[in-house]
Amino acid sequence: MIKAAIVGAAGYAGGEAIRLLSRHPQVELAALFGHSNAGQEIADISPWFYSQVNMTVEEMNIERLVACDVVILALPAGVSAETAAQLVTSGVKVIDLGADFRFDDASVYENWYKTRHPHPELLPQAVYGLPEIWREEIAGANLVGNPGCYPTSVQLALYPLLKAGLADLSRPVIADCKSGLTGAGRKAEKHLLFCESNDSINAYGVAGHRHTPEIERGLTRVAGKPAQVLFTPHLTPMSRGILATVYAALNEPVAEKELRELYQEAYADEYFVRLLPEDVWPHTKWVAGSNFCDINLKLDRRTGLLIISSAIDNIVKGASGQAVQNLNLMFGLPETMGLEQLPMMP
């Protein structure tokens with residue numbers, strides 16, 4: 001059995017990792033760590049675990065961590081790297097849900113996250129953990145930077161188009177995205193209160209959201225040339241989910257049928273990516289609680305733009321589910337193991 005620990009167990013992403021790994025047939029959930037919740041039973045913090053996960057959240061203990069095979073870090077930017085450095089040098093595999101290992105250039109990270117990277121020397125060995133694109137690299141990795149939720153939805157929407165070289169990247173790709181409130185974390189802040197967020201939707205991080213360079217880096221790697229994205233996120237009054245609607249110009253005339261065939265071929269063997277039937281558009285409810293990404297596309301003949309819509313659960317495929325998918329790859333297990341549950345509806 002693979003011994004796994006979760007650091008930051010009391011948050012939404014940490015809790016989702018507990019939910020998934022507690023039922024994983026090849027993983028033993030060996031320890032849970034936190035700071036402000038240390039000493040409490042996880043079921044007292046997250047009551048949905050009553051009688052199912054009987055574990056106490058512990059104060060950080062590096063000796064306990066290095067006794068594990070893999071550690072999932074659900075910590076803020078700038079904090080994960082310190083713990084990861086100690087673990088990697090001890091031979092422990094690390095999956096970081098934060099941003100500390102999503103970039104190969106520390107200056108990009110420091111510019112967008114406004115903090116010095118604690119361990120830039122680790123960046124060359126870190127692998128970006130989007131399995132549908134970088135599966136082979138992940139399989140040989142000891143340190144994985146788990147993608148952000150928005151970047152996951154946008155990159156999966158665009159991957160087949162960019163891989164085929166059909167996007168006109170002389171113009172920015174437009175990504176209009178909506179997220180549920182869990183994307184803001186499990187904390188008490190005014191804008192997350194029911195009366196502040198219910199019956200309302202708002203843009204935030206306009207022309208400056210931290211996920212912008214991550215999306216651009218991923219698209220550039222796939223396309224083999226610079227790609228820019230105009231990314232605008234919105235906060236919506238739902239618990240889970242991300243809906244990304246992406247607009248891309250084409251660099252040559254292509255029929256919609258050919259584009260659809262391109263996506264069908266690209267994702268034919270991908271269990272977690274579902275290309276929906278023509279004119280059936282993704283709903284966030286249809287992927288809730290699952291590791292699926294639902295996609296559809298339409299060519300607007302009037303403007304010449306390709307419209308691609310993708311939906312994921314932001315704390316499963318957008319965070320902890322993808323982390324489990326990466327864990328499976330890192331340990332040579334079937335990629336779908338522990339992740340085959342169907343979405344929750346309604």
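In the predicted model, a salt bridge joins the side chains of Glu214 and Arg102, with N and O 3.3 Å apart; a salt bridge is a side-chain nitrogen of Lys or Arg within 4 Å of a carboxyl oxygen of Asp or Glu. Glu214 belongs to helix H9 (residues 211-223) and Arg102 to the loop between E5 and helix H5 (106-113), so the pair ties together parts that are 112 residues apart in sequence. Helices (H or I, at least four residues) and strands (E, at least two) are DSSP runs, numbered from the N terminus. Glu214 is buried, with a relative accessible area of 1%, and Arg102 is buried at 5%. Here buried means under 20% relative accessible area, exposed means over 50%, and partly exposed lies in between (1.4 Å probe, protein chains only).

Residues are numbered from 1 along each chain as its sequence is written. Because this is a predicted model, local features need pLDDT of at least 70 and side-chain atom pairs count only at pLDDT 80 or more, while totals for chains, interfaces and linings use all residues; side-chain values use heavy atoms, with hydrogens and water left out.

The structure holds 13 salt bridges. One of them joins the side chains of Glu335 and Arg135, at 2.7 Å from N to O. This pair links distant parts of the chain, 200 residues apart: Glu335 is in the segment after helix H11 (316-330), and Arg135 is in helix H6 (residues 131-139). Glu335 counts as buried at 16% relative accessibility, whereas Arg135 counts as partly exposed at 22%. Lys178 forms a salt bridge with Asp176, and their closest N and O atoms are 2.2 Å apart. Lys178 is partly exposed at 24% relative accessibility, and Asp176 is partly exposed with a relative accessible area of 21%. A network of salt bridges links Glu16, Arg19, Arg240 and Asp313.

Asp96 is buried yet has no salt bridge; Arg102, the nearest side chain of opposite charge, is 6.6 Å away. Asp96 is located in strand E5 (residues 93-96). Its side chain makes a polar contact of 2.8 Å with the side chain of Ser80. A polar contact is a pair of N or O atoms within 3.5 Å; within protein, one must be able to donate a hydrogen and the other to accept it, and residues adjacent in sequence count only if both atoms are side-chain atoms. A polar atom of the Asp96 side chain also lies 3.0 Å from the backbone nitrogen of Gly98. With neighbours within four places in sequence left aside, Asp96 is in contact (heavy atoms within 4.5 Å) with Leu73, Ser80, Phe101, Val144, Gly145 and Asn146.

Strand E5 takes part in an open sheet of 7 strands with parallel pairing, in the order E3-E2-E1-E4-E5-E7-E6. Two strands pair if DSSP finds at least two bridges between them. The edge strands, each pairing on one side only, are E3 (57-58) and E6 (127-128). Strand E4 (residues 70-73) pairs with E5 in the parallel sense over 4 bridges, and Asp96 in E5 is the bridge partner of Leu73.

A second open sheet, also of 7 strands, has mixed pairing and the order E9-E10-E8-E11-E14-E13-E12. Its edge strands are E9 (202-203) and E12 (273-275), each of which pairs on one side only. E9 and strand E10 (residues 229-235) run antiparallel and are joined by 2 bridges. Ala203 stands opposite His234 in E10.

In soluble globular proteins, nonpolar side chains tend to be buried together. The largest nonpolar core has 83 residues, and those with the most contacts inside it are Ile18, Leu21, Ile42, Leu158, Leu161 and Leu259. A nonpolar core is a set of buried Ala, Val, Leu, Ile, Met, Phe, Trp, Tyr and Cys residues joined through side-chain atoms within 4.5 Å. Helix H7 (residues 149-163) supplies the largest share of this core, 9 residues. Another core, of 22 residues, lies apart from it and includes Val7, Leu65, Leu87 and Val92.

Key. Lys, Arg positive; Asp, Glu negative; His and termini not counted.
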